[in-house]
Amino acid sequence: MQRIGVFVCWCGSNIAGTVDVAKVAEALKSEPGVVLSTNYQYMCSQAGQEMIKEAVKEHKLTGLVICSCSPRMHEATFRKTAAAAGINPYMVEIANIREQCSWIHKDMEEGTEKAIVLGRTAIAKVNLNAPLTPGESPVTKRALVIGGGIAGIQTALDIADAGFYVDIVEKKPTIGGKMAQLDKTFPTLDCAACILTPKMVDVAQHERIRIFSYSEVESVKGFVGNFDVTIRKKARYVKEDVCTGCGLCTEKCPQKKVPNEFNLGMDNRRAIYIPFAQAVPKVATIDADYCTMLKTGKCGVCSKVCTAKAIDYTQKDEFIEEKYGAIVAATGFNPISMDKFDEFAYSQSKDVITSLEFERLMNAAGPTAGKLLRPSDGVHPHKIVFVQCVGSRCASCAEKGKEYCSKICCMYTAKHAMLTRDKYPDTDVTVFYIDVRTPGKQFDEFYRRAVEEYGVHYIKGMVGKVSPEGNKLIVQGSDLIANKQLKIEADLVVLAAAIEPDKSARPLATMLTASMDTNDFFTEAHPKLRPVESPTAGIFLSGACQGPKDIPETVSQAGAAAAKVIGLLAKDKLTGNPCVAHSDEMMCNGCSSCEKVCPYGAITYSDKEFRGPNRTTLIRRVASVNEAICQGCGCCTVACPSGAMDLKGFASKQIMAEVDAICK
Amino acid sequence: MQKVTREMLIEKASALLAEGKVDRVLGWKNGEFSYDVTPFVFTDVESMKKDFVFGDFAFANFSKYLIKETKKSENKVLVFLKPCDTYSFNQLLTEHRFNREKVYAVGIPCDGMVDVSKIKEIVGDGIISVESGDLIKVETLYDGVKEIAKKDVLAERCVNCKSKKHVAYDELMGEEGEILDSNRFDEVAKLEAMTADERYAFWQNELSRCIRCNACRDVCPACTCEKCVFGNPNSGVENKAASNSFEEKMFHIIRAFHVAGRCTDCGECSRVCPQNIPLHLLNRKFIKDINAFYGDYQAGEEVGSRAPLTNYTKEDLEPSEAVNKEEN
Amino acid sequence: MKVSYFPGCTLKTKAKDLDNYARKCAEVLGVTLEEIPAWQCCGGVFTTSRDEIATKLSSVRALNDAKQKGQPLVSVCSACHNVIKQTNAAMQNDEEFAFKVNNYISPDEYHGETKVYHYLELLRDVIGFDKLKEKVVKPLTGRKIAAYYGCLLLRPGKVMAMDDVENPTIMEDLIRALGAEPVVYAYRNECCGGYIALESKELAKEKSQKVTSNAQEKGAEAIVTACPLCRYNLIKNGTEVPVVYFTELLAEALGIKE
Amino acid sequence: MENSKQNLCNEIVRRSGVNPRKCMKCGKCSGTCPAYDEMEYHPHQFVYMVETGDIEPLLNSKSIYRCLTCFACVDRCPRGVEPAKLVEAVRLAVVREQGKNHLKADDIPELLDEELPQQAIVSALRKYSK
Amino acid sequence: MQVNEYKPKIVAFCCNWCSYAGADLAGSNRLAYPAEVKVIRVPCSCRVNPMFILRAFQRGADGVIICGCHPGDCHYTSGNYYTRRRMALLFSMLDYLGIEKERTRVEWVSAAEGAKFAATMNDFVQTVTALGENKRLEDLRCKK
């Protein structure tokens, strides 16, 4: 039997103004289990808390009911008081007689009556409370960053600099991501490679960072602080630790007709290749889809020319198992396919290109060595039309475009326009826009410079049709300000394609039990207050996998994610919320209903032996809750038909007792 | 269509027993009366020849029995499954309630079971024996032998049979049937069309007869809890028998809710109810609502399918829309 | 196999070739076109207004007739197909509209059950271009042919759902199956002017010439179309490239062209 | 008067099934329209003017007879606004009135030529007359 | 004030993160609603077992309302989606059994919607008051 102390707070006149606190304390004296019921002006004050501690000692209290303000205000305070007085902090219940009583009622009699019921309800619950101890779990002091673009790189560097080990898993042969493909960056126009490649080198040389390039995450098990991850290191048929990156093989390989994905297929590479000069790790990779040796067993040129003896045609995929305390998703983005937007004739003409392709055309290391030449005939274009919002802000058809704004296109288009005019003043540049969105430091100034200093023609309107005629592209679009339909003869058309999360994000989210929105962007735990955390504990978000972002934003978010990871890894042990679900194995049917509704994957099943009748043993499938993962929502308790699953602190019996007390 | 007979089933069982493929047979046996057929575990052909029965009263859905039976031995048990039984079979597999490896399931066709109370309505009391067939021969104490057309005395669940197709088996005897368009929701719809007062009167009349014998729960292939929530002291609702008029309502609502999305509509609950309460109308209401609200779903049609109550879409209807649909 | 067939008015007069060859080819390909009895004119264009009932009844009657026979409904003229398909979609999706329409065909009730095919879809989805290829006796090898889709075959894309609206391939695939080389050009899905030919000959001329000159520039030796009005506009406004119905081309390859 | 105009506007919206508020004013419909140069008011203006209730000018404009019903604006609109349906609804508001047929049967003979398929006449009658 | 005026008993289950905070906000803004409403705090609306609702009716409640975060805003990402399904089916069943459907309600109230919380409670109390005492589901013997 509990020995409950009831403390009714006046909160000055906040409560006492409409609730007769003395009468409430008096009425609650006769409730079951109550050995003390009293009132005081400010229970939360130092004096009030001392009073509680004294009472616990004097009356050997085992449970406390505080009739005061909302538990959202002072539950934590009184739990600490209880702990200080030597009783379990979870033996405290708050009756909210301020926000949900005195403040909303004017009539003293009515308020007092309701306060008594609320007090009675809390007492009924405390009678069934049990001491709860938060679970503890150790923390593996190593982080995994999935994706080696600028987001992953920055997050990894920040975590490693704080003294923790970090592994980066990158599915491509090199880290660097999309930023490595960019020419210049807005709004400062510094060269992307110049600011990115030093960071890539920092990563490669950092003693606490390992890079698993050409690798993918195969499976993720476990929970915050204790993830077990299997990484598939794909066979690259080159011994990474032996290859010197001299590049001789990539020059001698006879298979020359492989579309070069780094240049978006605008030129070719060999079957053995190093994606670009500053690749990290700088080792060669054999493309098994094109390698004659791997396909037919005849060739072996690369092996012959390799002085380091790094080629190994028999290499197999390798599986690495590692433990991590935290995982950061940094899987990035891709431009969407232009297949469904053929009104812009992307499939009909080589001279209709996407903005990312334009980046490569402008880049000194690109297919044209930085000269702006038309892909179809290598002639310098004199009239370029940029089309904004191709597939962005497109709500009419889900399989076609994206409903959201891709955020980066306005700025990079201004950049492209400006750079073109800067390098080739003889080239006329027109941009069709719906809105120019430039919220960001120095962003609008940048766009205005493109217009005012570089003479880029911005036309408010949209292109309806691009028709290749002769060696020209007839761009038909509307000029809404002039109220005209324009037909422009262009040499090159550049489409600002919408961006979408990388396709690997969805299966990864499933492995991580991290949630995603309908566009396959990772969802944050709170859109404002926890923007770099996934709702799943221990999973963090960095970069465009969470939503469209430019580089400055990505880097700051990457740093924020790193700070969150560091905060986690700095702990030796994690203390959980003790109000978690618990399954009574004797009653569990093993039906998996609870597992299906758990948003965190906190429930697992195992076959266990039980004693059956007549000294037999029975094997039954039963659920168990991982208390470190469970967040205590209680969804499983309702899914469970037998009532085997219950929630500590909010047990069925407790809630029923509250119901009974209210309806009495 | 060739009819599957008792002899054919015994022959099949004896072959499987002889091969050593199975060492037990879950079959039917006559109870006190020939229309009172009960499940029985046979271990040899002789006892089967003696006691095994098959016919118009072989109602019992063996799926649930497999939970306990498969735990008893390392060997396989042979089970005969009518089409509707196979749905329960799959549903239990979905819920991991028995080991599929330990069962040899033989699908058998079914042309409907006979409801003895319908026979009694025609011939009165004093039935001595009943012989299965398209024409059922009923012998009574008072009137001698009478012949009744089977179609006139089919059980309600068979009149509204939802499927003659087996969704699970290792081996099929006879011809495979098809999923049928049944009128099983007509009666629910009829109730829905009544006024709230009429519905209340109807259910009060039905549910007040409940004696909380728990037969519905014990026979139900979805009610397979190790311990029922109504027997769980921590649930806050533990009770053994109805202590007041509300509790049976609570029991039946909660029972129906617990099997919602898992109930295959096998109709066993209503069949075994000694008070003839049409309990299946509660379950069917949930099935009808689920189909209407969340798209057609048949529990047990596929192993591993996600039940509607353990699933959601962001566009689901609001509870207020669920109850106000008639007005809209 | 047997399908219901809605030829349409123009195919009975000015566009007999479109009809005749469609029938003959179908026969060779093992499909019987069963003409809907007492069909009425589709109206030429679909009125998008939800409260237009009368103008859509002829389509509904044809659709309902096919439904009674349990057959898909096939048409070959782009305009008829467009009207019928859009009407069918309205009967499926617009309850209020369907209710009103059903008052006119009582005691029958129609809710868009009939599957509507354009003849091209019949070739692609029912017969299959691979099978068709096997039946080709005179392959059109070496000929460069441009398909002209116009508007009505493809749009509105969500309703017509025949092909990608901006990058269709069905006619190009047909041309390929017949042994010729398809010519892709930007104006293949731009409007020829349609019925504006009555109001503004100038506009029709401008639009049509764009189409033919663009196709010619990309190397087309002939243009095929499924619409009599498109064909009229393209020819009337001066083209150096012959414009023929796709069924004629089909008949030629199947060796049944007179 | 204001009221009846608003009613007509609502009627046009209802009849067409188009929600002009979905428009984000990108102008792709007008960028795509093959009859643009023949029109006094262009597709995006139709949407805007119906949205703001300023339909009087549309009712009196020849623009309503210039739409080719090619549906290009319907398919290319990124927001699913379907301007062509709105143009049609405005036109119907005119031609449904007594004596307001844009094309009369008597006018037809002189428009004909030998090859003109009747499809064109039927279509034009559908579009221009009631 | 009228003597013996009928006052219904209302149990309101509120999720800790949105609706309970919304109720607190109603208090902070001094937005009155009837004292008949008594709130039970649960972590998430998905913690509410249909048994709790029936129990409340059994013990004499006249109305039960469940408040949770708006769909899509659940603190636990998906809890209220399950609540929505469970309650849709339960309420439909209660209606089928002839219980007045106005006695049960689900309402989504965010932490910022103090005014909505108060308005919802005012409306619900009014509706239930109009219905009168819960005779159909209440058990007389449990009444003191």
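Biologist: Which residue stands opposite B:Lys29 in E2(B)?

Modeller: B:Thr38 does. Bear in mind that this is a predicted model.

Biologist: How do E1 and E2 of chain B run, and how many bridges join them?

Modeller: Strand E1 (residues 24-30) of chain B and strand E2 (residues 37-42) of chain B run antiparallel, joined by six bridges. E1(B) and E2(B) make a hairpin, and six residues lie between them.

Biologist: Staying in chain B, what is the strand order in the open sheet of three strands?

Modeller: The order is E6-E7-E8, and the pairing is antiparallel. Strand E6 (127-131) and strand E8 (144-149) of chain B are the edge strands, each pairing on one side only. From one strand to the next the twist averages 25°.

Biologist: How many bridges do E7 and E8 of chain B pair over?

Modeller: Six bridges, in the antiparallel sense, with E7(B) covering residues 135-140. As an example, B:Lys137 has B:Glu147 in E8(B) as its bridge partner.

Biologist: Where do the side chains go in a regular strand?

Modeller: They alternate between the two faces of the sheet.

Biologist: Now chain A. Which order do the strands of its open sheet of five follow?

Modeller: E10-E7-E6-E18-E29, with parallel pairing. The edges are strand E10 (209-212) and strand E29 (539-541) of chain A, each of which pairs on one side only. The twist there averages 20° from one strand to the next.

Biologist: Which helix packs on that sheet?

Modeller: Helix H7 (residues 150-161) of chain A does, touching strand E6 (142-146), strand E7 (165-169), E10 and E18 of chain A. The direction of H7(A) makes about 165° with that of E7(A).

Biologist: And what joins E18 to E29 in chain A?

Modeller: Three bridges join strand E18 (residues 326-329) of chain A to E29(A), and the two run parallel. A:Ala329 stands opposite A:Leu541 in E29(A).

Biologist: On to helix pairs. What describes two packed helices?

Modeller: The angle between their axes and the distance between the axes.

Biologist: What are those values for H13 and H14 of chain A?

Modeller: The axes of helix H13 (residues 409-423) and helix H14 (residues 443-452) of chain A come within 9 Å and cross at roughly 35°. The crossing of H13(A) past H14(A) is left-handed.

Biologist: Which residues meet there?

Modeller: From H13(A), A:Met411, A:Ala414, A:Ala417 and A:Met418 meet A:Phe443, A:Phe446, A:Tyr447, A:Arg449 and A:Ala450 of H14(A). By class, that contact has eight nonpolar residues, no polar ones and one charged.

Biologist: How many helices and strands does chain D have?

Modeller: Eight helices and zero strands. Chain D is as compact as a globular protein of its length, because its radius of gyration is 15 Å, close to the 14 Å that the globule rule gives for 130 residues. Its C-alpha atoms fill a box of roughly 45 × 35 × 25 Å along the principal axes.

Biologist: How much of chain D is buried?

Modeller: Buried residues are 54% of the 130 residues in chain D. Of the contacts in chain D with a separation of 6 or more, 70% are between residues 24 or more positions apart.

Biologist: How many residues are in contact between chain D and chain A?

Modeller: 15 residues of chain D and 17 residues of chain A. On the chain D side, helix H2 (residues 28-32) gives the largest share, four residues. That side divides into five nonpolar, six polar and four charged residues.

Biologist: How far is chain B from chain D, then?

Modeller: Chain B and chain D do not touch, and their nearest C-alpha atoms are 20 Å apart. No contact joins chain B and chain C either, with the closest C-alpha atoms 15 Å apart.

Biologist: What about the contact of chain A with chain E?

Modeller: It takes 38 residues from chain A and 36 residues from chain E. On the chain A side, helix H19 (652-663) is among the elements that give two or more residues, and H19(A) gives the most, eight residues. The chain A side has 19 nonpolar, ten polar and nine charged residues.

Biologist: Last one: is H12 of chain C mostly covered or mostly uncovered?

Modeller: Mostly covered: seven of the nine residues of helix H12 (residues 228-236) of chain C are buried. Among them are C:Leu229, C:Cys230 and C:Arg231. Just after H12(C), C:Gly238 has a positive phi of about 85°.

Terms used
Residues numbered from 1 in each chain as written. Chains lettered and ligands numbered in written order. Predicted model: local features only at pLDDT ≥ 70, side-chain atom pairs only at ≥ 80, totals over all residues. Contact = placed C-beta atoms within 7 Å. Nonpolar A, V, L, I, M, F, W, Y, C, P; charged D, E, K, R; others polar. Pairing = 2+ DSSP bridges. Axes fitted to C-alpha atoms, helices over the stretch in contact; angles between N-to-C directions. Left-handed = near helix turned anticlockwise from the far one by under 90°. Rg over C-alpha atoms; globule rule 2.2 N^0.38 Å. Buried ≥ 20, exposed ≤ 12 C-beta atoms within 10 Å, placed from the backbone.
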